[in-house]
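Here are my notes for you, in numbered points. Keep the viewer open while you read.

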Amino acid sequence: MGTGDPVRLSGPPFQNGESAYFFSVNHNKKSICVDLKQKAGIDVVHRPVARADVFMENFRPGVMDRLGLGYEALKKINPELIHGSLTAFGRKGPYKDKPGFELIIQSLTGLVDVTSPPGGPPAKIQVQMVDLTAGMVLAYATLAALYHRQVSGKGQRVETSLLESTIVMLANLAGIFLMSGKVLTGLGSRNPQAMPSQSFKTKDSYVSVVLSSDHWGRFCNALGQTEWIDHPGFKEPSYRVTHYGEMETMIQSVATTKNTAEWLEIFENHEVAAAPINTVEQAFEDPGILATGMVKSMNHPIAGEIRLLDKPWHMSETPGELKLPPPPLGWHTSEVLTAAGVEAEEIDSLKKASVIDGKKKVPVL
């Protein structure tokens, strides 16, 4: 019955046919497989919805309404339900029915433009920032709705879009445009509102440096350029931004006199924030990242032993843990429906009618 989330097929790499991409964002979840083109399938979904706190979907506008799984239909079944919806462009406007993907949204919102090298080909942010940000925006809006329900007893519809959640993440770039009407392009590693806050070429590679506004003296001492400290222009943060080209040339001429390891030690001694430009491989060997303990191993029923990233937060009373591996398609259909009150005989009947596809759940060793 179908192939499930398209991300299951994204790759390589695969491990025993299972996608690394799918693994990266789907642990601690359960999977049921239901044919939503059959009325019996819609009726099946209504059963757990009647007991649920939250229902989320990310189809194009109108799809869930046509299926009988839209907000108006589901709140009749469960008036206290929080109905979360994530679309590409929202429910109104000229793009509402268009498909939207990471690169499309990054291109529309200007992210590709500000990231691409001056005069060079377009360069997107390689992390799936649009997808991940939209999911987080929907999650915290849903938490706010749950809190409101706790106070009022009322459920509600919660919506966001890839477009809106990315626009709000423009943050300082949007602020620059809304005040001045223009944003610099081809910024590379540069912060358009602070200087120095970028990467500089060293004798052997690059080093990234970021100053708080009151750390200019530390930075000048680290570079051995004490005469810069009290320069009437250089010591003013806004002057350094306005005269970016001049300042970059001066700093760059000093940066190339030592290699990156030497600069990192010097900056550490002078309490200046600095970092090497790690590859992803080097990042997962970095002692600071290793100390977080975020890389965990667990067993998957098809792929065997896999490595995943743990949650990035810590809670004293409800610490949480990695409990379930990213689920094979339909792996928990019978379990979830049983918990929703569906009898075993009905589950068997639904399987035979190809309304559901329930895999036999086996222990994950």
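1. The largest nonpolar core has 22 residues; a core here is a set of buried Ala, Val, Leu, Ile, Met, Phe, Trp, Tyr and Cys residues joined through side-chain atoms within 4.5 Å, and buried means under 20% relative accessible area with a 1.4 Å probe, protein chains only. Those with the most contacts inside the core include Val209, Trp216 and Phe267. Helix α12 (244-255) is one of the elements giving at least two residues, and its share, 6 residues, is the largest. Helices are DSSP runs of H or I, at least four residues, and strands are runs of E, at least two, numbered from the N terminus.

2. A quick word on the source: this is a predicted model, where local features need pLDDT of at least 70, side-chain atom pairs count only at pLDDT 80 or more, and totals for chains, interfaces and linings use all residues. Residues are numbered from 1 along each chain as its sequence is written, and side-chain values use heavy atoms, leaving out hydrogens and water.

3. Take a look at Trp216: leaving aside neighbours within four places in sequence, Trp216 is in contact (heavy atoms within 4.5 Å) with residues including Pro196, Trp228 and Met247.

4. Now find Val280, in helix α14 (residues 280-283). Is Val280 buried or exposed? Val280 counts as exposed because its relative accessibility is 59%, and the cut-off for exposed is over 50%. Val280 and Pro196 sit 84 residues apart in sequence and 24 Å apart in space, C-alpha to C-alpha.
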